[in-house]
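Welcome to my notebook. I jotted these entries down while looking through the model, so please follow along.

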Amino acid sequence: MKKFLAALAIGAGLALTMPAAHAATPDDTLIEAWRFDDIISLDPAEMYEISTYEFVGNVYVTLISIDPHDTTHILPRVAESWTVSDDGLTYTFKLRAGQKFHSGNAVTATDVVYSFQRLTALDLAPAFLITDLGISKDNMNDTLKAVDDLTFQFKVDKPYAPSYVINVLSASNFAVVDSKLLKSHETNNDWGNGWLKTNSAGSGPFILKSWKPDETLVLEANPNYYGGAPKLKRVVWRNIAEESAQRLLLESGDVDIARNLSADQLDGLRKKGGFEVTSTPQSTSLYIGLNTKNKYLADPKVREAIRYLVDYDGLVKTALREAYIVNQTFLPNSFLGYVDSNPYKLDIAKAKALLAEAGFADGFELSIDVASTYQDRMDIAQSLQGTLAQVGIKLKILSEDAKTSLTNYRARKHDLYLGTWGVDYFDPNTNMVFVANTDNSDDPPSKPLAWRNSWINPEMTAKAQALLMERDDAKRKAGYQALIKEWQPVSPFAMLYQQISVAALLPKVKNFYLGPSAETTLYLTVSK
């Protein structure tokens, strides 16, 4: 432990210089330098920040989970098997026998019921995941049942596509928590939320040892994990904001992995030698929203012209190098229903022709809301400003803080908005926000991304709703693929890129894999 503490303390300051030599990190400990200052709460029923999902994915276990290497494949976890009733309304899960929480308490169907009920009752940010399936505070005692210690039954309100329901339940917000432990920490009927914000009550391969917000998070191995003990004794996260500091720590051997390095920093490591780089496409899309309230953008030919005024390939080879890949669809490339359809490229002549057909050959003025804290977005906006100028469109860049930019977007006060969208679960329905809109009034009960851009297409909305109910996965897949191609030329979006997660690591680190989402970056089999 002394060796571990010494290694953790080395180079703690951000003003770092390259030391002459350092002892290697302990063989049984993985130390990572990255930014995880987004963490607000460690409670699975409350969390909605990216870094927390990685924590929960390693400390808790869900009934089922997606396969990190094939997100269309479901893996049994707490549940070893499940069935769906003929009417599509009842899901029955048989739990794996012999599982234990970190406290030593047995994992039972009662814990699953409690976990799902607290997600519903707390009604925090991720609660929609379960309420969208028809579960409510009023009916949760009837729809969520422990048939016996190892049988959990779950009733939905409509015969949804089974793949949709199962994919939703793979989200880490459905992590099974230790009900006995949490009940001992309940205060004022808070379902233990006050305590769980800074503690853990899981059964996963790692146990929370400590968390110092904006500084460190330490996980220790759970020797009693049903899937076998982890190969590492502990995992340490160090919150290092500056990428240059991350690189220095990696080069000096004070950390094993650096997670937020730019392409230039990665180039420097490759040139120096002795490091490995791994990357995986994520489930986050970078796109431009085109508000059809604007009289110019209301014309689909103008929107199509703008899609031909993005230098997709040029940007991904320069400013966005090693951070994004081109993806002009509404689905990440690992999803059911994705089709490799990237019909757009920078084509000034094509854009000019479309604008002439629309009656705007002389151009016009537009603005774009951009969060200036993201240099990649500013680079895209400046590139777009240059290409639009070539067809007579004067683009004003509104460089704002992220909150202002997003607030304007949510209020439909933008012309163009440049931002990202990350999925809530690994099912195509999560991204129907780009397509489906049932109410285009100024204050509807639901405000999907299509609504934010003042766009409504009843026919495509109906198709999206039908696919949510399609029980044949092959038909579901074909339906989303066809919808992508129908939607692309008329949508109120210019879909640009899919984000890539990149990490640099020491060669002694084995089996480290960045999953396609935070909760799928797992440490169980990582070794040194």
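I began with β12 and strand β17 (residues 493-505), which pair in the antiparallel sense over 11 bridges. Helices (H or I, at least four residues) and strands (E, at least two) are DSSP runs, numbered from the N terminus. Two strands pair if DSSP finds at least two bridges between them. Looking up Y287, I found its bridge partner in β17 to be M495.

I then turned to strand β16 (residues 416-422), which runs antiparallel to β12 and is joined to it by 7 bridges. Here L290 has L416 as its bridge partner in β16.

Before going on, I noted how to read all this: the model is predicted, local features need pLDDT of at least 70, side-chain atom pairs count only at pLDDT 80 or more, and totals for chains, interfaces and linings use all residues. Residues are numbered from 1 along each chain as its sequence is written, and side-chain values use heavy atoms, with hydrogens and water left out.

**Entry two: how enclosed is the strand?** I saw that strand β12 (residues 276-290) has 11 of its 15 residues buried, so it is largely enclosed by the rest of the structure. Buried means under 20% relative accessible area, exposed over 50%, and partly exposed in between (1.4 Å probe, protein chains only).

I picked out T280, which sits in strand β12. T280 is buried, at a relative accessible area of 7%. Not counting residues up to four places away in sequence, T280 touches Q499, I500, S501, Y513, L514, G515 and P516; contact means heavy atoms within 4.5 Å.

Next I looked up I39, in the loop between β1 (29-34) and α2 (50-59). I39 counts as buried at 9% relative accessibility. Which residues is I39 in contact with, leaving aside neighbours within four places in sequence? I found S51, T52, W211, L217 and W237. I also noted P213, 174 residues from I39 in sequence and 7.5 Å away in space, C-alpha to C-alpha.

Last, I checked helix α9 (residues 243-251) and helix α10 (residues 263-272), which pack at an angle of about 20° with their axes 10 Å apart. Axes are lines fitted to C-alpha atoms, for helices over the stretch in contact, and angles run from 0 to 180 degrees between N-to-C directions. The two helices α9 and α10 are therefore roughly parallel to each other (angles under 35 degrees count as such). On the α9 side I listed E243, S244, R247, L250 and E251, which meet Q265, G268, L269 and K272 in α10.

Notes:
Parallel < 35°, antiparallel > 145°, perpendicular 65-115°, else oblique.
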